[in-house]
Amino acid sequence: MKFTEFGLDERILEGIDAMGYENATPVQEQVMIPILQGKDIIASAQTGTGKTAAFLLPLINKIITEPHDDHHINAMVIVPTRELAVQIAQSMEGLSYFTNVSAIAVYGGGDGTSFTTEKKALSSGVDVVICTPGRMIAHLNMGYVKMQALRYLVLDEADRMLDMGFHDDIMKIISFLPKKRQNLLFSATMPMKMRELARKILLNPLEINIAVSKPPEQIVQEAFVVYEPQKIPLVKEVLRRKDFQSVIVFCSKKQNVKQLSNELKRSKFSIEEIHSDLDQIKREQVLLDFRNKKLKILVATDILSRGIDIEDIDLVINYDVPNDGEDYIHRIGRTARAASEGTAYTFITEKEQQKFAEIEELLGHPVTKAQVPEQFGPTPAYNPKARRPSHSGGGKRFGGGGGKRR
Ligand code: AMP
């Protein structure tokens with residue numbers, strides 16, 4: 001479907017054109033019209049599907065075509081991570097470039113100046129606020145945020161927000177908002193707790209399901225069955241095999257990120273790390289260098305697995321097996337975007353075999369087990385059933401992530 005068929009304002013069509021979009025993606029086709037009609041929606045849509053523009057375009061259109069108060073906040077988008085807030089703000093800037101709609105990203109971790117800038121915007125009125133929950137609450141508690149005229153609320157990556165323990169923060173923010181508003185909820189997965197949250201927030205929502213929990217077919221997926229101490233040397237070996245231009249190595253814990261990144265730096269690889277202990281300025285600098293291909297290898301926690309759009313990644317290495325099948329798909333989905341080829345390697349230690357078998361179940365097929373080079377010595381056999389705890393009846397598919405910062 002062409003963007004011209006949605007009845008969007010000319011100034012928005014210009015922005016779409018400048019962004020280089022021609023046709024709407026399936027998510028955009030399905031959600032834009034109901035949003036324009038004023039409906040609440042709950043959509044299961046993953047990153048990489050064009051969901052950001054799917055909610056931003058109708059919001060911008062509503063703000064510029066309906067009477068509204070310039071001195072109040074019109075729309076709020078709540079997101080789990082600072083990176084996602086920045087990325088959505090950038091899309092907003094591009095798509096609304098030819099309009100006079102204003103937006104600000106409000107997230108923690110910056111310096112005192114950013115808090116002052118945010119305070120100024122929130123108290124004098126800005127059309128769209130894109131925020132992380134904790135930072136927004138800090139502003140709301142000070143009493144100057146102009147919420148009385150807010151009409152649109154978006155929760156993006158809502159499942160991730162619940163995993164990170166933001167349920168109460170979200171409800172607290174909502175307690176500050178006018179009751180009459182349009183609500184849009186996007187989530188990659190729809191566990192029970194998500195439906196409960198939706199029941200509390202949405203009014204007669206239209207349910208749209210566009211999630212495809214399958215990785216793109218052009219990703220070559222392989223796994224190495226190893227002992228823990230073999231992992232670091234194997235990362236080095238894999239990185240030396242081919243001249244990869246852009247690589248992300250995902251670790252489940254920041255301790256592993258730090259340890260691996262020290263080792264790789266010592267071996268003179270072009271590498272930086274990213275996790276929640278780094279300050280915001282450093283995180284943004286590392287991401288920028290990686291995006292611009294100045295930096296070849298990024299070692300990261302799951303903070304980067306969802307929502308972040310970086311083009312042309314050749315290789316994703318799962319240094320640890322992700323906790324959750326959806327996380328696996330998100331992580332490996334960083335590669336092979338835009339129909340190019342990509343490779344995803346996963347390292348599986350003995351105690352992770354059961355978890356990986358569950359991921360294979362979700363994928364619907366086993367992942368090829370690659371040969372660990374002989375010089376690494378003996379490796380464990382892949383036999384997840386033998387390692388299945390006796391109480392596991394197979395009812396539960398995936399373990400949760402918990403509420404920690406990653
Ligand atoms: P998202 O799922 O929102 O993270 O979007 C994934 C990527 O698709 C981003 O780089 C967007 O700029 C891009 N994108 C969104 N909508 C379209 C479209 N209709 N045509 C081409 N690219 C798009």
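Colleague: Which side chain of opposite charge is nearest to Arg181, and how far away is it?

Modeller: A word on the source comes before the case. This is a predicted model, in which local features need pLDDT of at least 70 and side-chain atom pairs count only at pLDDT 80 or more, while totals for chains, interfaces and linings use all residues. Residues are numbered from 1 along each chain as its sequence is written, and side-chain values use heavy atoms, with hydrogens and water left out.

Modeller: As to charge, Lys and Arg count as positive and Asp and Glu as negative, with His and the chain ends not counted. A salt bridge is a side-chain nitrogen of Lys or Arg within 4 Å of a carboxyl oxygen of Asp or Glu. Buried means under 20% relative accessible area, exposed over 50%, and partly exposed in between (1.4 Å probe, protein chains only). Here Arg181 is buried without a salt bridge, and Asp40, the nearest side chain of opposite charge, is 6.9 Å away.

Colleague: Where is Arg181 found, and which residues does Arg181 touch?

Modeller: Helices (H or I, at least four residues) and strands (E, at least two) are DSSP runs, numbered from the N terminus. Arg181 is in the loop between helix H8 (167-175) and strand E6 (182-187). Contact means heavy atoms within 4.5 Å. Not counting residues up to four places away in sequence, Arg181 touches Asp40, Leu150, Arg151, Leu153, Ile174 and Ile201. A polar atom of the Arg181 side chain also lies 3.1 Å from the backbone oxygen of Pro178.

Colleague: How many salt bridges does the structure hold?

Modeller: There are 22 salt bridges in the structure. One of them joins the side chains of Arg11 and Asp9 at 2.9 Å, N to O. Arg11 is partly exposed at 31% relative accessible area, whereas Asp9 is buried at 18%.

Colleague: Which parts does the salt bridge between Arg195 and Glu207 tie together?

Modeller: The closest N and O atoms of Arg195 and Glu207 are 3.1 Å apart. Arg195 lies in helix H9 (residues 192-201) and Glu207 in strand E7 (residues 206-209), so the pair ties together parts twelve residues apart in sequence. Arg195 is partly exposed at 29% relative accessibility, and Glu207 is exposed at 51%.

Modeller: Lys282 and Glu272 also form a salt bridge, with their closest N and O atoms 4.0 Å apart. Because Lys282 lies in helix H12 (residues 280-291) and Glu272 in strand E10 (residues 271-274), this pair ties together parts ten residues apart in sequence. Lys282 is partly exposed at 38%, and Glu272 is partly exposed at 24%. Elsewhere, salt bridges that share partners join Glu228, Lys231, Asp320 and Glu352 into one network.

Colleague: At what angle do helix H5 and helix H6 pack?

Modeller: Two packed helices are described by the angle between their axes and the distance between the axes. Axes are lines fitted to C-alpha atoms, for helices over the stretch in contact, and angles run from 0 to 180 degrees between N-to-C directions. Helix H5 (residues 112-124) packs on helix H6 (residues 133-141) at about 60 degrees, with the axes 11 Å apart. The contact is made by Ser114, Phe115, Glu118, Lys119 and Leu122 of H5 with Arg135, Met136, Ala138 and His139 of H6.

Methods:
Polar contact = N/O pair within 3.5 Å; in protein donor to acceptor, adjacent residues only side chain to side chain.
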